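Here are my notes for you, point by point. Keep the structure open while you read.

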Amino acid sequence: MTMAKKSTAFEYAPAPESRSIVDIKPSYGLFIDGEFVDGRGKSFKTISPSTEEVLAEIAEGDAADVDLAVKAARRAYTRVWSKMSGAERGKYLFRIARIIQERAREFAVLESIDNGKPIKETRDVDVPTVAAHFFYYAGWADKLGYAGYGEDPQPLGVAGQVIPWNFPLLMLAWKIAPALACGNTVVLKPAETTPLTALLFAEVCQQADLPPGVVNILTGAGETGRAIVSHPDVNKVAFTGSTDVGRAIAKAVAGSDKRVTLELGGKAANIVYDDAPVDQAVEGIVNGIFFNQGHVCCAGSRLLVQESIAEEVLAKLKRRMKTLRVGDPLDKNTDIGAINSAEQLAKIRELSEIGEAEGAERWAPKCDLPSTGFWFPPTIFTGVSQAHRIAREEIFGPVLSVLTFRTPKEAVEKANNTPFGLSAGIWTEKGSLILWTASQLRAGVVWSNTFNRFDPASPFGGYKESGYGREGGRHGLEAYLR
Amino acid sequence: MSARLDVKKTYKLYIGGDFPRSESGRSYVVNDAKGRFLANASQASRKDARDAVRAARTAFPGWSGKTAYNRGQVVYRIAEVLESRRDQFEAELRSSEGVTAAKARDFVSAAIDRLVFYAGWADKIAQVTGGANPVAGPYFNHSAPEPSGVVAVVAPKGPLLGLVSVVAPVITTGNTCVVIASEPHPLTSITLAEVMATSDLPGGVVNVLTGSVAEIAPWLASHLDVNGLDLTGVTDADLARTLEESAAENLKRVRRPGLEDLLAAPPLDRMTKFLETKTVWHPMGL
Amino acid sequence: MNSTASSLAEATASDAALRRFLHGLPGVDQVGAEQRAAALGTRSIKTTAKAFAIDLAIRMVDLTTLEGSDTPGKVRTLAAKAMRPDPTDATCPPTAAVCVYPDMVATAKKALKGSGVNVAAVATAFPSGRAALDIKLADTTDAVEAGADEIDMVIDRGAFLAGRYLDVYEEIVAVREASKKAHLKVIFETGELQTYDNVRRASWLAMMAGAHFIKTSTGKVQPAATLPVTLIMLEAVRDFRELTGQQVGVKPAGGIRHSKDAIKYLVMVNEIAGEDWLDPHWFRFGASTLLNDLLMQRSKLKTGAYSGPDYVTLD
């Protein structure tokens, strides 16, 4: 058949989401006892990772600030929050859920600017899931006796919560919603590079008339986090972040009465069997590793593909990767945004270079990366073996290591051959193989014929060095009840 | 200058999202607590009941097929809209039932909070009543609740809190229903239907009939396309027994008469009575 | 390609071989496929890209009338609209074709003479396809002799669902032969095939039988064209060209009424099959009301004000 003359290419014109909806102040204080107060000490700058422009000056909470915040939280706990009926607590959380829905666009744009992730994701994933999470836990507040943790379960007290930069607002929701539903009050520290949506959330608490001190937001870096975790009047520590910091927290609270949950790193295997629905598997691989620039603790960073279809899958994967659009996070057609920080970019580059040096073959589609900001193209490494560092260490970026296997048992063996155990993926049209594989995997979340799905009703958390405790679902209540 | 004359509302039925008059063309007089005329309420016939069942059945696949999260949002929306019109409901309760202002406020608050309570149950009931079953073999085995289908409900007295207390648990889990409002005080139930009709609740999920329980209920109890029967509001023991017998013909799930203290926490069986449990087995193997 | 060609030839050697081949194609996961289609639907096509897409979409329309009440007069007005969709704007391109029943082909052909707009005829006992093969072939010949440039045939869905794949295959081969020089579009009626696995199998079956185009629907059965069904078909033509070097076109038909929807389809063509398919030679819309919406959007882009149905011609 003859090939007809080609049309002009279908170039998508820029479709930027307007920034005008957000009002970023030049500087921000700390949110303590229902009010914004000036920090007493140092401050730091938060920048846009896609342009490197300074967005705002942020107060750095010191030990005295932390003490004030914990005291406010304790007061609110004792005098108001723990005494309030579950139904009334629930109604506050419903209000928060609704205000987040009402201000969804503002949150989506602000998150995209501060974090560098595409507006498509903040708009369609982060913010709706945040609202859903508050809505879900709002409903638990007056039903705790049905949750299976005793007839009349009680809150713990003050929760100290430290969250990461990859899903700033979503991780805040995962921490605050169950804590409040169960009757606890919180002191939360957002990540140093992404404080803005947490500070906007403080405003939501004000609009919802949440009693002062129930939620306190302290910005800062590692020191601030350490002060919160080690404060003697904190009853519960919840942390999401790296395994190294998680380990340090577990040591720091050893011998105390503090309860701890940790949601840490991962190196998830995404297993593709030869009878997989191939086109959907390719989507799942792409979603698994390139969603949120690969800044996902449960990212499917190790592709384990059955040798008999490896060539076909890789060909389709590469073709698909060529259609990924990397660039301005606020452009509605952007699939992959900016790497969150210079530090993270350096780490991704370093591990990628090690991958090459160790003999793996590196491939990335051609893409024009902006000249300012932090960028890394979607990348895959083939010819990777279990011994390679890129098969073992969490890169936390858009970098996929591809390994092959011959039998289901080999797939499971390789998948489990890691100190991590957060998540895994399975792709096959055979139901019994899905369930067998899932039963063998040492991972807290197993996705079958899908990947990176999150729902407030579904518990999330890891095995082994990926941490302990679950967030989400009925199981997520346990961490905040006694 | 003469005083302005009120424009009075015609109280009709609520079927399939619309507000039709009874096909029979009948109505009955509803008086206020002091015996003064309030309005003519539609007096539903067996054909209205039939139409209502058809509307409920038509709405069932869509409503039960929504995500639990979505159903929860809709039920919560009913609470929001009810709260925004609480003055009207308080006034209606005071005039129709003769309760004090404080009592009326409590009833309206309790009705709103009850809706919020059930909104939260939508995506939790499965987590409380379902789960994994550790069978002794290489099988994945999992149970989850599913709605029974169309439920006919006889509401107790208390046109607001009473109706909400029996309807909300039934629809939250995905059933659709036909409810016979409190016979002597039906008007506020129709006003509540206006709230439901403007709260993103799909037409046909709740259908409200006003009229004689003794006349309509037997047709619903014997209707073969009705899956459940809630007799909460039936006060005549003989009628209740007859209805239950009739319901046995196609083995409807029946909740017997009897009303808990409406201001206390509701019993779980208001939901579970009209839920089926589905258990799925699947082998695990290579 | 020789070994590929021979393995495909082997696949059609018997009913059993064909079934093995079609059922050996990778499965389609419904949820994943629909999510992918929905995600592509969120692409934001603005300004210059939108103008490009709207003109391309107009050029891809098979302007269709398939009613029992069709008359020569109706067909002539449709032809006029196809040649000159916007009489007030000479820059507006014509549509790709006019699509009619076989008995209207001669009228359409005459009305379109010299315009470059093709005449497509639905043949083979459209829309049900429930007739004997010789009648379907006679129907096709009738349309071809009347001057049809394109034949839109329907497959025997009954045979397909009963697993008689070879019957379906042989019928397509026979109609292709009867179509002579006319291009053959093969309609699956995906609303009746129901599953995406079936759509993928039908796509391969038709391509192996020599279809120039694969087409979703007759427009007479709901659901007609959908984004996910078209996604599966675009994947099939992409994979078929990869394997055989032969390019096959895709035509979603029925239910596409708005420019916004048409643009979603073009995004999907662009990102699934690739830009080689972004041409009326390889992608068509079977539609009638879509054209006017495209014209109204076109005018909105030019004037900045929303247009209304009073400002486009109703033919």
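1. Among contacts in chain A between residues at least 6 apart in sequence, what share joins residues at least 24 apart? It comes to 76% for chain A. A contact here means heavy atoms within 4.5 Å.

2. A quick word on where this comes from: the model is predicted, with local features needing pLDDT of at least 70 and side-chain atom pairs counting only at pLDDT 80 or more, while totals for chains, interfaces and linings use all residues. Residues are numbered from 1 along each chain as its sequence is written, chains are lettered from A and ligands numbered from 1 in the order in which they are written, and side-chain values use heavy atoms, leaving out hydrogens and water.

3. Now the big picture of chain A, which has 14 helices and 18 strands. Its radius of gyration is 23 Å, close to the 23 Å that the globule rule gives for 482 residues, so chain A is as compact as a globular protein of that length. That radius is taken over C-alpha atoms, and the rule is 2.2 Å times the number of residues to the power 0.38. Helices (H or I, at least four residues) and strands (E, at least two) are DSSP runs, numbered from the N terminus.

4. What about the inside of chain A? Buried residues make up 64% of its 482 residues; buried means under 20% relative accessible area, with a 1.4 Å probe and protein chains only.

5. Have a look at the open sheet in chain A, where 3 strands follow the order β1-β5-β4 with mixed pairing. Its edge strands are β1 (27-28) and β4 (43-47) of chain A, each pairing on one side only. Strands β4(A) and β5(A) (residues 54-59) run antiparallel, joined by 5 bridges, and Ile47(A) has Val54(A) in β5(A) as its bridge partner. Two strands pair if DSSP finds at least two bridges between them.

6. Chain B gives you a hairpin to inspect. Strands β1(B) (residues 27-31) and β2(B) (residues 37-42) run antiparallel, with 5 bridges joining them. Tyr28(B) stands opposite Ala41(B) in β2(B). There are 5 residues between the strands of this hairpin, and Gly35(B) takes a positive phi near 85 degrees.

7. Last, how do the chains meet? Chains B and C do not touch, and their nearest C-alpha atoms are 15 Å apart.

How values were computed. Buried means under 20% relative accessible area, exposed over 50%, partly exposed in between (1.4 Å probe, protein chains only).
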